[in-house]
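Take a look at the model below.

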Amino acid sequence: MKWYVGLSNTGHDPALAIIDPDGRVAFAEATERFVQVKRAWGILPDLAAHLEHAIAHVDFDPARDQIEVCTSWSTTHKRPKDELTNPLMARHMLDSLYDYQGCQFNNIGASFRLLELTDQPIEVRRFEHHACHAATGVYFSSAEDAVCLVIDGEGETGAISEYAVSGRRLKRRWRAWNAGASLGLYYGWLTLRCGFDGIKGEEWKVMGLAAFGEVRDDLVAELSRVLAFENHRPVNRDDEEISAILSEVETRIAHATRTPQEPIMQAADLAASGQYVYGRFADNLIAGCMKHEPSSLILTGGCALNSSYNGTVMQRFGLDQVDIPPCPADDGNAIGAALLAWCEDQDAPIARSDRSPYLGSSPNPAKIAACIEASAPHFKVSEAGENSANLVARKLAEGQIIGVMRGRAEFGPRALGNRSILADPRPAGMKDKINRLVKGREAYRPFAPVIPEDRLADWFETPQPTPYMSKTLRWRPDKLTQIPAVAHADDTGRAQSVTPELYPWLHDVLVAFEAETGVPIILNTSLNIMGKPIVHSVEDTVAMLMTTGLDAILLGDTLIEKASR
Ligand SMILES: [Fe+2]
């Protein structure tokens, strides 16, 4: 039997994935979760300890099975660093990425030998970055045929690629690569001008801030010049031309920008206008895809994390289905690289799966037992067993804020119920309470609603499946007053729609919560504090209970409450 380990080796957001001999994901996890450092810049995706941890989750036997190692970058460095230029990216970012990637290219294989996963020299199989994005997109889509649009920062062969998906096989139609063709780098550039941190990946702060600003004609006119399109594809412009345009634009928008020290709301109009212009750029690309009259569109690449835009696409373009994988950014390419190797060896299409995002680590049962035992003298401990969904729903309805560590971790940036903080969306003060007492983050930032998929039409104006919290939808005006804690300033919510097939436990919580309150919606945010990745260990989850305003945590099916015993 042959297993495939995929490694995302872009230099930032490293991740590893293991594909089983049937072509399905057996394990996938971003390195940042394991090392508990946001984005894990420069860390090897096959870090020995993480690889050992991952292999323990699957049925691989080195005495019986073979292992293939695959990466999501098709080249090694052949061009001198000095030849790399990109006016939209700061020099120190370019240099660091180049050096980190070189380090990753040179070291792949060492951990496999150390752990005796193979006694053969590792021959790394390298796959094109955008093909990896596309393969991951198809894996998490139910579509047989579609158009797959990769909108990215920068790959080794492109910043934008369009693929035809036929019978779940990929064929590239076109790709564009020049500095002026990257929507991802445009958004990164915008992020810096709004006073946020590109290295920390704070593009989503721009999205959140956009709801508070005004789309201004003067800013739109300037920002629209950063990229140019013709026939729905980016126009080739050389570095000199782009630099000259950027310099003019930066001067003319200077009055609307902010430094990190200045008040956040100072950049609200720039964020709103920049987000609007991003939508116009992306619309242009999708309009090109529509020439092929697809009924399904798969959006992926880092820009597919733009949930505000994603939620507007399906109805406006008359599509039946818009699918976005739970991991559209570079971490997801660990899956794509391994899938492409499997497809190549089997001469087979990308396998269908149950589409579950629960592909990461399981909490260690012995550690859960030890933490429960240690907690017993200090906290109220309730072994809920199969009744845990009902118990959590009741406690939420009573106003508790509950951290959940249950089952395998989600793969991708969103907490989707297994490493989540859950709360009642009805109290107006709940958002501020969680931002201040639990997460320690900016007051303006919204929280996401989770809702049964078959109830979407009752609550949203543009209902559509969004199982991985990747689309922001507009609330129906008559519903807003019922769920103030999950309504953003522009009357939207970044929804997670839940079916009993994909999310049985979370669906049970929603059903029980509606029985208690009449509202089938719960606030869901990731189980972490600001600046840290989502928790990985049982001990860190207990630490969050003890050091934040969480009222309780659910470890497995045991509820541990601060309330007096
Ligand atoms: Fe990418």
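Begin at E116, which sits in the loop between helix 4 (110–114) and strand 5 (125–126). This is a predicted model. The phi of E116 is near 55°, a positive value in a residue other than glycine. E116 has 9 other C-beta atoms within 10 Å, so it is exposed; the cut-off for that class is 12 or fewer.

N231 lies in the loop between strand 9 (229–230) and strand 10 (233–234). Its phi is positive, about 50°, although N231 is not a glycine. Here 8 other C-beta atoms lie within 10 Å, so N231 is exposed.

Now turn to helix 14. Is its setting buried or exposed? Of the 10 residues of helix 14 (residues 388–397), 7 are buried, so the helix is largely enclosed by the rest of the structure. The buried residues are S388, A389, L391, V392, A393, K395 and L396. Each therefore has 20 or more other C-beta atoms within 10 Å of its own. After helix 14 comes G399, with a positive phi near 105°.

Step back to the whole protein. It has 18 helices and 21 strands. Of its 565 residues, 52% count as buried. The C-alpha trace spans about 70 × 65 × 45 Å along its principal axes. Among contacts with a separation of 6 or more, 73% join residues 24 or more positions apart.

How values were computed: Residues numbered from 1 in each chain as written. Predicted model: local features only at pLDDT ≥ 70, side-chain atom pairs only at ≥ 80, totals over all residues. Helix = DSSP H or I, 4+ residues; strand = E, 2+ residues; numbered from the N terminus. Contact = placed C-beta atoms within 7 Å.
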